[in-house]
Amino acid sequence: MTIQFNDETFRDDYTFNNSEWAIKRFPFPFHEDSYMYSVNMEQHRGGPEGSVYEMRFDVDEHYVSEMKDRAMVLDQDPLRCQSLPHMTLAGWDLLELIMASKSEDYPDLFELHRNGNQWRWINKPMGIDHSFTFMDETTLPYGPMEYITRQAQGDFAVLDQRDEMLWMDAGMVTTQADWSLDFDIGMNFFEWHAPVPKAHEMGIFQRALKFLLNIQQGAPARRLNWTMTVNPLLDTSPENYHKWGIQKTTLTPENIAHKQHLRVELQTFFRLPRSNALVFPIRCYLCSFQDLMTVPKWGRRLHRVIRDLPEELATYKGFIDNRPMMLDYLSQFDDGLPTSPGI
Ligand code: HEM
C-alpha cells in the first residue's frame, strides 16, 4: 500500500483536506436515523480492506501533518503527556504493541528489527531510524509512551487496572474533544465520566466498565463516538478553549458547508501484556459537511440525527447554539426518503 501524505495544517490557515479516498473511508457513525448513547462495543478484529478498521492502528494521509501538530502542542504545553511513575512498564508494552503492529501492517512504511533487547525502529514517513535497548529508557529521547505516541495518530489514555477499576494514570492527549488529561490524571472510570449526561442513569458506564475489565490480550475491542467541530481543529482542549471556543461564533449560512466538521473518534481498547494495563487509543477523523454531503445517504441521515438529538446531548457536545443553522443547511439534503439500517 502506498499512502500519499498531505502537507496540511489544523490551525491558523487550516489547509487540512480530505482526498476522495479519505471521504470514502470516513467512519460515518450513524447506523440509524437517530442517536442515543449505548454500550456500542465490538471486537477489533480488522474490517473491510481499505477501511479505517482494517489495521490495528490506522495510518492515513494525515499522518505526518498530525504528528507535526502534536509536536507543536507539546512544545507549548508539555502536560499534555503525563505518565505516573508506576506506568513506565505499560509505556514499554505500548511501544512494543505499536511498533509490532505498524511494522506488520504497513511493512513498506515501518520496520522493526529485534535482536534480544537490541531493537532498531525505522519510521520512513517521519524519517526516523533509531536503535535502542528495549526496557532501557536512557536509550530513548523520551519515555517509551511519549516516544511512540509522538509517532502514532490519535490520543492515548493508558489505564492502570486495580481493585476492579480503571485509573487514568498515563496518557498522550493533544487531539481531544474538550477534556483534559491534566485534570483527569489519577481519576477512575466513573470520576472522569462524571460530566457526561444521561449515560450514568442508563447504566451504560457500569456495563462498559465490566466489559473493559475483562478484555484479554490479543482480543482488542472498539467503538465509535462523535461530536462537532468548527474548523478542522485537532486540539479542542479545555486548555485552549479561549482560542477555539470563539470560532463557533464565526459560523454563517455562507461558510457552514466547509467550516463545520463532523468529528468521529474510533476508540479501541487493547490489554497490555506485562503491566496488565489497558490502552485506549482515540483516533480522531474530521470531515466537513460539504464532503459528507457527497454521499447522499449520509446527508439524509445526518439531518435526522441532528434534528432529533436530545437537547442535553447537543449541549454537552457543544453545538446547541449552532444547531438551527446546521439544520437549515442539512435539510436541503434530506429528501424524506426512508434510509435502510446500517451505514
Ligand atoms: C466521554 C474517557 C471508555 C462512553 C468521555 C470523556 C473521557 C472519556 C475523558 C470526556 C468526559 C468529559 O466531558 O470530561 C474514556 C476512557 C475510556 C472510555 C479513558 C477507556 C477506558 C468508554 C466506554 C464507553 C464510553 C467503553 C461506552 C460505552 C462515553 C460517552 C461519553 C464519554 C458516551 C460522552 C461522549 C460524547 O457525547 O461526546 N470518555 N472513556 N467511554 N465516554 Fe468514555
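Mentor: Before we start, a nonpolar core is a set of buried Ala, Val, Leu, Ile, Met, Phe, Trp, Tyr and Cys residues joined through side-chain atoms within 4.5 Å. Buried means under 20% relative accessible area with a 1.4 Å probe, protein chains only. This is a predicted model, where local features need pLDDT of at least 70, side-chain atom pairs count only at pLDDT 80 or more, and totals for chains, interfaces and linings use all residues. Residues are numbered from 1 along each chain as its sequence is written, and side-chain values use heavy atoms, with hydrogens and water left out.

Trainee: OK, which residues touch the most other members in the largest nonpolar core?

Mentor: Trp226, Leu262, Leu292 and Leu302, out of 61 residues in that core. Helix H7 supplies its largest share, six residues; helices here are DSSP runs of H or I, at least four residues, and strands are runs of E, at least two.

Trainee: And what does the second, separate core include?

Mentor: That one has 38 residues, among them Phe57 and Phe270.

Trainee: Switching to the ligand: which residues come nearest?

Mentor: Tyr37, Trp192, His193, Tyr316 and Lys317, of the 25 residues around the ligand. Being near takes a heavy atom within 4 Å.

Trainee: What does tyrosine 37 do there?

Mentor: One of its polar side-chain atoms lies 2.4 Å from a ligand oxygen atom. For lysine 317, a polar side-chain atom is 2.9 Å from an oxygen atom of the ligand.

Trainee: Which element gives the most to the shell around the ligand?

Mentor: H7, with four residues.

Terms used:
Polar contact = N/O pair within 3.5 Å; in protein donor to acceptor, adjacent residues only side chain to side chain. Buried < 20%, exposed > 50% of the residue type's maximum accessible area, 1.4 Å probe, protein only.
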